[in-house]
Amino acid sequence: MAIKLYGILRSPPALRAMAALFEKDLDFEFVPVDFATREQKTPQFLALNPFGEVPVFEDGDFKLFESRAITKYVAEAYADKGTDMVLKDPEKLAIQTMWMEVEGQKFDPTSSKLGWELYFKQMFGLTDEAVVARAGDKGGQKLEDVLDVYEQRLTESKYLGGDSFTLADLHHLPYLHILIGMKVKSLFDARPHVNAWASDILSRPAWVKVVSMSPK
Amino acid sequence: MATPPVKVYGPPLSTAVSRVLVCLLEKDVPFQLVPVNMAKMEHKKPDYIKMQPFGQVPAFQDDDITLFESRAICRYIAEKYPNKGTAGLFGTNPLVKASIDQWLEAESQSFNPPSSVLTFQLVFAPLMKLKQDEALIKQNEAKLEKVLDVYENRLGSSRYLAGDEFTLADLSHLPNTQFLVEKTDKAELFTSRKNVGRWWSEISTRPAWKKVVEMQNA
């Protein structure tokens, strides 16, 4: 198969890339990387991504790492297929790009840290109720600030990047999914526009397909 | 001469502001630098928040558009003026552009976090009379070393990060590296690595960046 995505099904960045591939109705082969044997640090894998991280994308001879570079490439290279995820007007695209940076620079650091503490620590049996609760409270505060900005933005704009669903929204899906399921759900309930937006994008068929593939 | 339509709000010493300034200078795009009095919390006041809802610098205006997030602003400038100043900052074809995006994301996700912490701890904290966190410094130095090892390897077979030409991916590294090399005792993280040292020497001596450093020292 021409398109390959290397990753693991519990990696939020890998799921981010996968969501984009499904939105574009693209056929691809998912190639699992064996983290148990540290396959991601072998010379063969480092030749694909020198940082030893997933996902890695291959389209024929063309290789790419960094999930947000992969989604952009896919959205632009396959502009005529599936969902449009990159706005065409240059000024509208600039606004979309700005909100994509907000996800990468603001939403991701706080949500991934919180997500790690709440979700992955539970999964690996490191649960300590008190620790999790404390981490949630600590992480929750910064997330509140980001979501306040989102709440305001979403009163003025149907989606984060503009009037239609774009990569600016898609990039949030993996951690949004984790956070909605956790005790921080209350943060979203308190912000009606953010809550409506989150429900909307999490129910997209492409994302539902990603979730059906990933382990619980 | 008419006032340039492009306005950048914020002090040149801010790493994010300087990222935008160097991009405008590389592209020969005239601009007006508008001071923001951060000591007087001007960046947290309603008029400023209207432009930048997180209350940070820079904010950017061009004709009717207002933007924030320095890397989004750089992409906008590079795309709006592809033939002005330094060409190819954001690539001339989709595959090159994807490669630039890849290394720009690497800067943003892997290089920026540890180098920002080190810059704050080693340069700004002392200026603000804040106590330095030694454990945090050690932890982030180790993280940065791992990233620079990747760069050392990459720059052994590629003149610049994304290929043979200077692009936004390289440009984005200028602000934090300038501080670490010139204002801390961590310069050797960069200079002891042969290829990284060569790359730093090339990108930091570009006229546009030298002009930004002058603005920072003014």
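Biologist: Where is F165(A) found?
Modeller: F165(A) sits in the loop between α5 (129-156) and α6 (167-170) of chain A. Helices here are DSSP runs of H or I, at least four residues, numbered from the N terminus. This is a predicted model, where local features need pLDDT of at least 70, side-chain atom pairs count only at pLDDT 80 or more, and totals for chains, interfaces and linings use all residues. Residues are numbered from 1 along each chain as its sequence is written, chains are lettered from A in the order in which they are written, and side-chain values use heavy atoms, without hydrogens and water.

Biologist: Is F165(A) buried or exposed?
Modeller: F165(A) is buried, with a relative accessible area of 5%. Buried means under 20% (1.4 Å probe, protein chains only).

Biologist: What is F165(A) in contact with, neighbours within four places aside?
Modeller: E23(A), T83(A), D84(A), M85(A), Y159(A), L170(A), I201(A) and R204(A). Contact means heavy atoms within 4.5 Å.

Biologist: Switching to chain B. How far apart are the end C-alpha atoms of α5 (134-157)?
Modeller: They are 35 Å apart. The 24 residues should span 34 Å at 1.5 Å a residue, so that agrees. The expected span is 1.5 Å times one less than the number of residues.

Biologist: Which residue caps its N-terminal end?
Modeller: D133(B) does, with a side-chain oxygen 3.2 Å from the backbone nitrogen of A135(B).

Biologist: And what do the buried residues of α5(B) pack against?
Modeller: α4 (94-127), α7 (174-183), α8 (188-191) and α9 (194-204) of chain B. The buried residues include I137(B), L144(B) and Y151(B).

Note on methods:
Helix = DSSP H or I, 4+ residues; strand = E, 2+ residues; numbered from the N terminus. Buried < 20%, exposed > 50% of the residue type's maximum accessible area, 1.4 Å probe, protein only. Polar contact = N/O pair within 3.5 Å; in protein donor to acceptor, adjacent residues only side chain to side chain.
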